[in-house]
Amino acid sequence: MISTLRFPKQSYTGWGSIAKLFEELEDMKPSRILVVTDQTLVKIGLVHQYLSPLNEQYDVSLYTDVEPEPSLACAERLAAYAREGGFDCVIGLGGGSALDLAKIAAVISQNEGDTADYLNLTGTRKLKTRGVPKILIPTTSGTGSEVTDIAVVSLEGTKDVVTHDFLLADIAIVDPQLTLSVPKRITAATGIDALTHAVEAFLSVNANEATDALAIKAVELIGGSLMNAVDNGEDREARTAMSYGSYLAGLAFFNAGVAGVHALAYPLGSQFKLPHGESNAVLLPYVMKTISPSCRNKLNRVCNILTNHGEERTEDEILTLFYKLVESVGLPTTLKEYGIPESSLSSLTEDAIKQKRLLARSPKPLGKDEIYQIYQMAFNGL
Ligand code: NAD
């Protein structure tokens, strides 16, 4: 069997790795840099703290019109801005929302047409050029966007992606100190997002031994540090483990793919504006219960790592374990708690079923009936 592993061209991880940004730019010698970030990160001083030295040496434009879970319109605005600006380097600094938009600024702006033309579900064009170099610096431990070739945008009803090798970072810098300021609830949601990446990659029909190794290490790191990072955001050890865990989970799912949890989460994000990590968290227990008959041994291995305790579990025990995990980090565990009406479960199902690329990687095929049942379980809870 032939298998392959893809990575960004270069990545730096670890406390203080942000210093590598300046060394890399010395080599790159850009003349006009576009920094894509969000307004919160400017307000809390994070952008100034880490990027202000750039202004002494380079011509830098700061773009902060970045919505959480960015819409297609938000992506198009940025692509138009980047096209006008004549930049020769893009730096994305932020959570997955800013990093995904940075990819669009670097690539779409250098190709013909709009972002919409390159969407996976409805797009008709193929990207022709790689665009300008991009440096991606995450400030949450969650999406893994810094190591994937994906940019996600929110549409009416669901989400869609632009995905191409050209979207891969030239340089990814994953420095845990940039995550110290992430508030409790966002730490919890993004942390469960990273865990979901690792677990779905591990269970994916496209998994191989290398992605399994990445995914298992990520589960160990995230399982051992998420609670501490949520309880005490200043805990450097926990932030470091979460940061590296999220990075490894990103590499695992970039290569093996995510599946059912993400397919069902996308409609929650776009129809009800749930943050991506929270959409995953509220579905994770119910998807795991549903697919467990098709991946019992692997799923049990994940559970044993998370509980530090080896045993065989029933479907209901698996459900309870993930439910308690989500509850323990302080996130809602039912759709009811989000005020999502039961009457919307059919339209959520209609939109989830469109995510064929994601659903195809599920170890257990998920058709319309199973998807509706998962939303129903997630509506009612345990
Ligand atoms: P986000 O980028 O939307 O950020 C959430 C909030 O956290 C924002 O208000 C932001 O300002 C704040 N924040 C970020 N870093 C902070 C810090 N250090 N201190 C204080 N506040 C901080 O959230 P996210 O979960 O990182 O990204 C979600 C987006 O990423 C979604 O659109 C999702 O679909 C996408 N995504 C992309 C990929 C990929 O491979 N490209 C994978 C998964 C998810």
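Helix α1, which spans residues 19–28, is hardly covered in this predicted model, for the count of buried residues among its ten residues is one; here a residue is buried if 20 or more other C-beta atoms lie within 10 Å of its own, exposed if 12 or fewer, and partly exposed in between, with C-beta atoms placed from the backbone. Helices (H or I, at least four residues) and strands (E, at least two) are DSSP runs, numbered from the N terminus. The model is a prediction, in which local features need pLDDT of at least 70 and side-chain atom pairs count only at pLDDT 80 or more, while totals for chains, interfaces and linings use all residues. Residues are numbered from 1 along each chain as its sequence is written.

Within helix α1 lies glutamate 24, which counts as partly exposed because 17 other C-beta atoms are found within 10 Å. Not counting residues up to four places away in sequence, glutamate 24 touches Ile135 and Ile171, where two residues are in contact if their C-beta atoms, placed from the backbone, lie within 7 Å. Glutamate 24 and glutamate 200 are 176 residues apart along the chain, and their C-alpha atoms are separated by 33 Å.

Just after α1, lysine 29 takes a positive phi of about 50°, although lysine 29 is not a glycine. Most residues other than glycine have a negative phi. Lysine 29 is placed in the loop between α1 and β2 (32–36), and it is exposed, because 10 other C-beta atoms lie within 10 Å.

Strand β1 (residues 10–13) contains threonine 13, which is partly exposed, with 17 other C-beta atoms within 10 Å. Leaving aside its neighbours within four places in sequence, threonine 13 is in contact with Val174, Tyr244 and Tyr247. Threonine 13 and serine 279, by comparison of their positions, are 266 residues apart in sequence and 27 Å apart in space, C-alpha to C-alpha.

The domain assignment of the protein gives domain 1 (10–179) and domain 2 (184–380), the bounds coming from an automatic or database domain assignment. The C-alpha centres of domain 1 and domain 2 lie 25 Å apart, and the two are joined by contacts in which 25 residues of domain 1 meet 32 residues of domain 2. On the side of domain 1 that touches domain 2, the residues divide into seven nonpolar, 14 polar and four charged; in this classification Ala, Val, Leu, Ile, Met, Phe, Trp, Tyr, Cys and Pro count as nonpolar, Asp, Glu, Lys and Arg as charged, and the others, Gly among them, as polar.

Around the ligand there are 34 residues, of which the closest are Thr40, Pro68, Gly95, Gly96 and Ser97; a residue is taken as near a molecule or strand if its C-beta atom, placed from the backbone, lies within 6 Å of it. The elements that give two or more residues to this shell are α2 (39–43), α5 (96–107), β6 (150–154), α6 (184–203) and α10 (276–291), and α5 gives the most, with four residues. By class, the shell around the ligand has twelve nonpolar, 17 polar and five charged residues. Both domains take part in the shell, since at least three residues are drawn from each of domain 1 and domain 2.Helix α7 (residues 209–231) and helix α11 (residues 296–307) pack at an angle of about 35°, with their axes 8 Å apart; the axes are lines fitted to C-alpha atoms, for helices over the stretch in contact, and angles run from 0 to 180 degrees between N-to-C directions. The contact is made by Val219, Glu220 and Gly223 of α7 together with Val302, Ile305 and Leu306 of α11, and these residues divide into four nonpolar, one polar and one charged. The crossing of α7 and α11 is right-handed, a crossing being left-handed if the near helix is turned anticlockwise from the far one by less than a right angle, and right-handed if clockwise.

The loop between α11 and α12 (315–328) holds asparagine 308, whose phi is near 60°, a positive value in a residue other than glycine. Asparagine 308 is exposed, with 9 other C-beta atoms within 10 Å. Glycine 310 has its place in the loop between α11 and α12 and counts as exposed, with 10 C-beta neighbours inside 10 Å. Between glycine 310 and asparagine 300, ten residues apart along the chain, the separation of the C-alpha atoms is 8.4 Å.
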